[in-house]
Structure formats: structure tokens, C-alpha cells
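Open the model in your viewer and get your selection tool ready. We'll hop from stop to stop, and at each one you'll hear what to pick and what to look for.

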Amino acid sequence: MSKLNFPIIGLGASAGGLEAYENFFRHLEPDSGMAFILVSHLDPGHESMLTEILQRTTTMTVMEARDQIIVAPNRVYVIPPNRELAIFHGTIQLTVPELHRGQRMPIDFFLRSLAEDQGERAIGVILSGSGSDGTLGLRAIIGAGGVTFVQDPTTAKYDGMPTSAIQAGLATYILPVEKIPEQLVLYKKAFFEKKIKPAVPVPPPTSALNKIMMLLRSRTGHDFSFYKQTTIRRRIERRMTVNTIEDTDTYARFLKENTQEVHLLFKELLVNVTSFFRDTEAFEVLKKEILPQLFKQKPDNYSFRIWVAGCATGEEAYSIAILFREFMDETKQEYKVQIYSTDIDEDSIAAARSGIYPANIGIDVSPERLRRFFSKEEAGFRIKKEIREMVIFATQNVIKDPPFTRLDLLSCRNLLIYLEPELQSRLFPAFHYALKPGGVLFLSSSESIGSFTDLFGPINKKWKLFQARESLVAPREGLAAEGLTWREDPVRKESDEPIKKARELNLLELTKQVLLQTYAPPSVVTDQEGNILFVHGDTGKYLRPAPGQASLNVIEMAREGLQMELRTGIHNAVKQNTSVVCKDLLVKTNGDKQGITLTIRPLTSPETTQGLLLVCFQEEGPPVQGKPAKAGRPARKGESSRILELEQELLYTKENLQATIEEFQAANEELKSTNEELQSTNEELQSTNEELETSKEELQSVNEEILTVNAEFQAKIEQLAGMQNDMKNLIDNTHIGTIFLDENLTIKRFTQEAAQVFRLVGTDIGRPLGDIKSNLEREELEEEARAVLDSLVPRELEIKTTGGEWFLVRIMPYRTVENVIQGVVLTFNDITGLKIIEAEILQARNFAQSIVETIREPLIILDSDFRVVSAGRSFYQTFQVNNEDTVGRRLFDLGNRQWDIPRLKELLENILPKDSSFEGMEVEHDFVNLGHRRILLNARQIPGKEGQASLILLAMEDITGK
């Protein structure tokens, strides 16, 4: 068992489970410190979307479980399709299911493994779902001391699974799904944080424990004082944890004020955890090794008596009944079988009497037994009448109430382990008293008979099967010495009478033993085949071990002179059911010959001795010395006539037997033929029934899987609907016309804004784009779209409508998520406003350029690096500059650096940046081609666009002649 420092929560759901899962994680804090393993009924051939869907409801990591992965806190693990999930030492184990899909119980399978791996730290949660999967898993968790949560059926979409768990009494908490996370966190804090147990559990104070025991005894009538104290303390601590109570005295007061809690604690202490054929191998040993011995040599009217003590909800009692029924069918025998099944819990007895069990018992019961001994109902399986009538259920306390007696089999499994050794030592004599000599005691593998080896002998030590031995101590006196409650009860009227009768019987038995030893002749008790079962007196004069293989057959062991008479006498005694007496027989004994009278008498009085023979050897006179005749024995009077008589009788018997055999064979052939026909019909009906049952189970399983898949699809549809709404609002707010075309340029979808370009209506979907009349001045979009479809290269172009509107058209390939081209997408951005602004800017620019070109003064525009951006016509004419070499060059580099004027450079580089402009500055310079010139300069900075440097407008006037 793996002890982790954090709890592992097993959640099970099927139909309607997706909504429950989402609601659960929506109300759970992501840092709860717990690990969650989700088991659902999934379609084995469909990829589950559960992981993706749940990831949207929690920030914890949600992942599909992988084999051999170690479970970590604050993570969610989801079972994959077509896998069974278990946990071993905190590690996930995945296996391929072996059972047919209609018979799988994946939730039970996981919760059972969780109970085995985590013990009292196991936590199981059952949410919405149909059927009863999960009930047996919760039973295992309760048995291990864990805690269970079940969704309130009134809040579940499908209440089958929650209702099944609640009706079985396996729900510690019954809550709406949104309340379960809060209670889980509280339980974790109480059990795992505040109450981490030390190596040796600290027992509750004795006074508080005694108060609790007194309350239980007064309210329920049952005394748990002799139950194992460790078990009682552990169960009390568990109830304290559930109720978030830390102090034992406080819990005792709470118990006194809360009647319902007394009932729950009583149920907790009973530990009603059982199943059909628990320890399968033990039941196989019972059927193959024990039942043949119990059935051996039983008369036709024999009645088997069996007691199942501590039967819980009846699974073990019905399992034993099924074994007896199967054995009788296989051996073609028919006996009355009466099974007394008792338990201290009235609710468990009521459930056992109903004989209805959940559908998931198929985990423990083979399909053949389910078909043979159970009938399928909506609620699960009901035990059939032939098995139900074999069992009588009753409420009984093995400590207080008298046991059943004259039992052939007593089964008391997984009860003694909860009792103190003192009480166990008082129960074993009671069990021995209840069993017949040779009766069988059936315990669990974790129990033993202790020191009572004088009362019970082992039959199978591994599976704890014992046989009751003959005891020299009177049974009831031994029980009185042990001081069992039912022996001490003064209310019982018969309490003194059995002791008196027992003492009288003891004296009678003693007298009988003395008389037998003194006057009774040597005798043996045999079965009808002559096998010796009991020997009285000294039979050595008449019987001796036969040579060869050891044998206890009285005929084979007979001394010389007895074999023929014994064989004949036994045959006649069995056939005629009368006593046979053979007188004047001489038996060779140690060289002498002893005359005896041989008497063979059937034992027909007590029912326990039916079918047995008593063979007596009565001596007649003293031994005769001498050797026997050569023929083997001396001739006797009347021997020849006796032999002749026997031969005639034997011949007559053979003739009658032959005639009877022939008649029997003829009748048997007819019966065989009829039986074969009935058997064939029965097999056909059984085959049809099996097919129908299988089909029904498959349909139910498929229906659950479909519901799960449908829930996943529904969640996906809701997600897609949300995305579609987002896309619609996005498109509506961008006001971009869009047309979706397939590979044949057929319209698949379009937005309303696209109708400004093409005259589209709703019925145009599915028509080719070329068939739709557009508002464009040029019909060129279809060719452009086809070119993009062929080349997969996006294109952009500007188009104008007949109404004067301008659109920027982008044509791009339509790519799927799998990167498959399935057409093209056309988008239309209205750029009419931009076109108007562009025209206005162009007009303003032309206007400014006209001004520059018109005025007489030379004008030039420079950038921040003093490169020429533009120059007026007068600049080229006045200073005789070549316009082709001007734009783009630095002003100071023009005309072979004729314009590298220091004063001009100083003004532009130093003065202008400070003042943003200057006016009336004069510079003089000698030009190569113009000579000395005097120039008047005016300059101003022109602000550039945002993020760009300013431009410089420089005006130059030649004032040389002025």
C-alpha cells in the first residue's frame, strides 16, 4: 500500500458526466493539493475530447492518463478510450479490457484498486450516470476505511449511479456537485493536514471510549466491547473526521445528541463489505474437495444444514447455495439444502432477503452463473427462486444468541478478524457444538482456529477449511465453561434444562460404553461396499491386513474361511435390507480353527447411519487345534446342499437381471432420444436468450458511450457557436466586405458589405461568381481570383465602381487547418475617403509646385542633410545649374562644389536650427561661370511628417546689379 502525502480522488461518471465534471472543477480551487483521476464510459473507437473540454474549466493541468505515470498533486488525469485504469503504489496502470464492452465496469475496477492501494486514505466520488457502475468500488473504499462522496440524485442529469450507491448505504456525503469540492477540501484539512497519523495511533481516552460504547449498547442493543479496540478507534476517528470533530469527548457529546450519528457509527463498525465468491480459489476448493466428501454416502432423504454467520447483504450465502446447486446438477443428485444466513444488521438482512444486486456483480460472477441463477431486471440482477428458497435469512448476534445445530457446514468469514482473541476463544467451542462430527468450518484466509486443534482438524490450511473432531468433553458443558452470553442469559427458560439433560446423557453414555466393552462381540461398521468405517473390539482373530495395496475392505481383510460368507452375506443384507446370520463357520486363526457365528445387520434407525452395515463376529466354543483340510477348510454339515441352493439362486438372479437390463436399456434409449430433443431445444432457447442479453448489454453500453460523446460534441458545438458569434461581431464591426469562393469560384458565403461591389442576395450562395453582375467599371476580379487559385500567391488591386467608390481588393487562398486549399477569399476595403484625400494632396502639391515655378526668385527645397529635394525653374536659369544633376545631391556639391559657400553653410548649419528661419542675409561668392555675385538669402524650416525631419525652403535673389 502506497502512502502519499496528498489524497488521490477517484471520480466516476457516465451519462451526463461531462456537465457534472465541469461543474465540479469550476468550484474547485486549482491549488487544492489533491490529484484527480477521472473514469468515464467512453466509446472505445472514438477519440475523447474530455481533456480539451475540461482544460477550459480549470487552470490545473488536465491530461490523458499514460501507463506508468506517477500521480502528482494539482493535476487531473483522464482515462483514455478502450483502456482499464488502475493504480499501484501511486503509479497509473493501463490495460486493454478483457471483458466484452457491455460487461465492463471501469469505475468499479479503478475504485477497487484505489482502495487496495491507498486504504483509509482513498476517496471516491460518484457523479451523474446510468446503471450501477461504481457501487462495488465504493463498497471497497468503505471497507478500507476511506470516504465516499455521491452527487445528490435530484441534481444529477442521470441518477442511476448515484441512486445505486445511496441505496447500498455506501455514501458518506450526499451533496450537489458544486458543494462536493468545498467538503473535499474540509475533509482533506481534517484528515491529511491536522490529523496525519503517527506510526502508532494514539488511542482515544478510555473514559470517552466507554461512553461511546455505552451509547451504542443503549441505542442499538449491541455491545462492541469485545471488538478489536484498534478497529473501533479507527472507525470512531473516521466518523470524527467526517464531522470535523477533533476531541473524543466532544464526539461523545455529539453522539449523545444526534441519534442519526449513532446509527451511522453502528453501520461503520459493522463493516458490511462482501461480494459473490470472495476469494474465488477458496470456493473452488470448497466445491471440488469438500462437497464430494459431504455428499458421500448420503441417503436420498438427507437434508444438508448450513450456517453462514455474519452474512452482511447475503452474497456469501447465495454463493454457497449456487455451489451446492451446481454440484447436485453435475452429480445427478438431489437433496434438500437449508442455509441459515444471519447477521447483526437488520438493514443488511433486508437487502439480502430482497435478493436484488447491482448489474456490476458481473465482475465477480461468471456470465454462465449470471444466466443460470439470476434474472435480469431494470435495477440489476435478482437471484432466482430455486436459489432463494435454499436460504433463510435472520437477524442474529453470534455472541448473544444460540447457534444453529447439527450443521454440515459453518461459514464464518471475515468476522473473527474484528473480534478480540478472548471472544474468538469463546466462539470456537460454540462452532464445534453447532457442527456434526465431521462437519466443515469455513473461515477466511486471514483467520485461524488458534489453539483449538483438539476441536478442529485441518482440511485445507491455505483457505482455512477445518473438520470438526470428536470431543471427549461434553459440548454444552464446554460451552458453559467458556461463558458465552447465550449460555448465561437468565431470561431463557431452557437455560438449566440442557445442562441437566447433558449430565443424564453422559451417565447413559458411560453405562453403554461399559456394557459394550464387556458383552458386545467384536464388530465393524461398513458401508454397502464393505469398506470399514468403524471398528469395535478386537477383530484381529477375524480380520488381518490384506497383502498388496493397503485396503480397509472387510471382505479383502477377512481371514481364511470368512471371505465367501462375508461377500454373500453383505450382498443379501443390502439387497433384502434384512439381517443375515451365518452359523457354524470355522475361521483359521494363528494355526487354530475358531468356530463363529457371523451376523450382518443393516443400520436403519438414525438418519445419520442410513446405508451402513454392522458386521459382528460371535465366537462359538473354544478353538479347535489342527491344520485345515487341503481344500482350505474342513467339510461342514449341509455345505453341499447350501452351495447348490446358492448356485440356483444366483442363476435365477442373473436371468431376472438380464431381462431387467434389457427392459431398462430400451426405456433408457427412448428417454435419451427425448432428452436429446429437449436438450437441443433448450440449448437453442438459451443461445437465443444469451444473444438477446448480450445485445441488450451492448446497446446499454453503446448508449452510455453515445451519451458521453454527445455531451462532448454538445460542448464543442457551444464552443463553436461562441466562436461564430465572435467572428460575426468582428466582421460586422470591421465593415470589410468578404466573399468566400470554392475551387470552382462558386460563392460559399459573403458579408453584407460585399453587396456594394457585387449585386448579391441570399439566394446567390452556390452560384458562380461570374454569373453575378458587379458594380465595377472593369470586370477583372474573376480572372484575378483564378490566377491566385492557380499560383497560390496573394494579390492586391484597387478598383472603382460605377458609382465612383473605390475599394482595395485583397485576393488570398482559402486554407483549412490541415493546410488544404479549398478556394479563395476576396476582401473589399472601402478606400473612397483615402482616394479623395489623395486627390486633394496631389492637387495641393501641384498648386504649390505651380507657385514655385511661377515666381521670379530662385527657390530650392532641402532635406535635413541639405540634399536638394526640389528646385524652381528660376534657380536653374539664374545660376545656370543642370537640373538633371541637382535633385538628390547636396547643395554644397553642386557645380563642382561651386556652392560650397562658407557663409551659406554657417547659416544653414548653425543659425537656422536655432531660429527656424532667417531673412535678408547677404553673401558674396565667386562663381566659375557667373563670376562675382552678391546674393540675398531667406530661409525657413518646413515641418515634416510625424517622425520625419523638417525640410528647408531656401530663397535666393541675385542683387549683384542692385
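How many bridges join strand β7 to β8, and do they run parallel or antiparallel? Select residues 123-126 for β7: 4 bridges join this strand to β8, and the two run parallel. A quick word on names: helices (H or I, at least four residues) and strands (E, at least two) are DSSP runs, numbered from the N terminus. Two strands pair if DSSP finds at least two bridges between them.

Before going further, some ground rules. This is a predicted model, where local features need pLDDT of at least 70, side-chain atom pairs count only at pLDDT 80 or more, and totals for chains, interfaces and linings use all residues. Residues are numbered from 1 along each chain as its sequence is written, and side-chain values use heavy atoms, with hydrogens and water left out.

**Stop 1: strand β8**

Stay with the pair and click Ile126, which stands opposite Val150 in β8. Now select residues 147-151, the whole of β8: 5 of its 5 residues are buried, so the strand is largely enclosed by the rest of the structure. (Buried means under 20% relative accessible area, exposed over 50%, partly exposed in between, with a 1.4 Å probe and protein chains only.) Colour Val147, Phe149 and Gln151 for one side of β8, then Thr148 and Val150 for the other; both faces are covered.

**Stop 2: an antiparallel sheet**

Strands of a sheet pair through backbone hydrogen bonds, either parallel or antiparallel. Next, pick out 5 strands that form an open sheet in the order β31-β30-β34-β33-β32, with antiparallel pairing. Find β31 (868-871) and β32 (917-927) at the edges: each has a single partner strand, so one side of each is left without a neighbour in the sheet. Neighbouring strands here are turned by 25° against each other on average, direction ignored. (The axes are lines fitted to C-alpha atoms, for helices over the stretch in contact, and angles run from 0 to 180 degrees between N-to-C directions.)

Zoom in on β30 (residues 859-862) and β34 (residues 951-958), which pair in the antiparallel sense over 4 bridges. Click Ile861 and look across to its bridge partner in β34, Leu953.

**Stop 3: aromatic rings**

The whole structure holds 29 aromatic pairs. Rings of Phe, Tyr and Trp (its six-membered ring) pair if their centres lie within 6.5 Å; planes under 30 degrees apart count as stacked, over 60 as edge-to-face and the rest as tilted.

Select Phe25 and Phe36: their ring centres are 5.7 Å apart and their planes are at 80°, so this pair is edge-to-face. It links distant parts of the chain, with Phe25 in helix α1 (residues 17-26) and Phe36 in strand β2 (residues 35-40), 11 residues apart. Phe25 and Phe36 are both buried.

Now try Phe295 and Phe324. Their centres are 5.7 Å apart with planes at 40°, so this pair is tilted. Phe295 is in helix α11 (residues 280-295) and Phe324 in helix α12 (residues 315-331), 29 residues apart. Both Phe295 and Phe324 are buried.

For a group view, select Trp307, Tyr340, Phe404, Phe428, Phe431, Phe452 and Phe456, which form one aromatic cluster.

**Stop 4: salt bridges**

How many salt bridges does the count come to? There are 25, a salt bridge being a side-chain nitrogen of Lys or Arg within 4 Å of a carboxyl oxygen of Asp or Glu.

Select Glu334 and Arg325, whose side chains meet in one (2.8 Å, N to O). Arg325 is buried, with a relative accessible area of 10%.

Then move to Lys835 and Glu798, another salt bridge (2.7 Å, N to O). Lys835 is in helix α24 (residues 832-854) and Glu798 in strand β27, 37 residues apart. Lys835 counts as buried at 18% relative accessibility, while Glu798 is partly exposed at 39%.

**Stop 5: a loop residue**

Finish at Ile344, in the loop between β11 (336-343) and α13 (346-354). Is Ile344 buried or exposed? At 13% relative accessibility, Ile344 counts as buried. Show what Ile344 touches (heavy atoms within 4.5 Å): leaving out residues up to four places away in sequence, you'll get His222, Phe266, Leu270, Thr395, Gln396 and Asn397.
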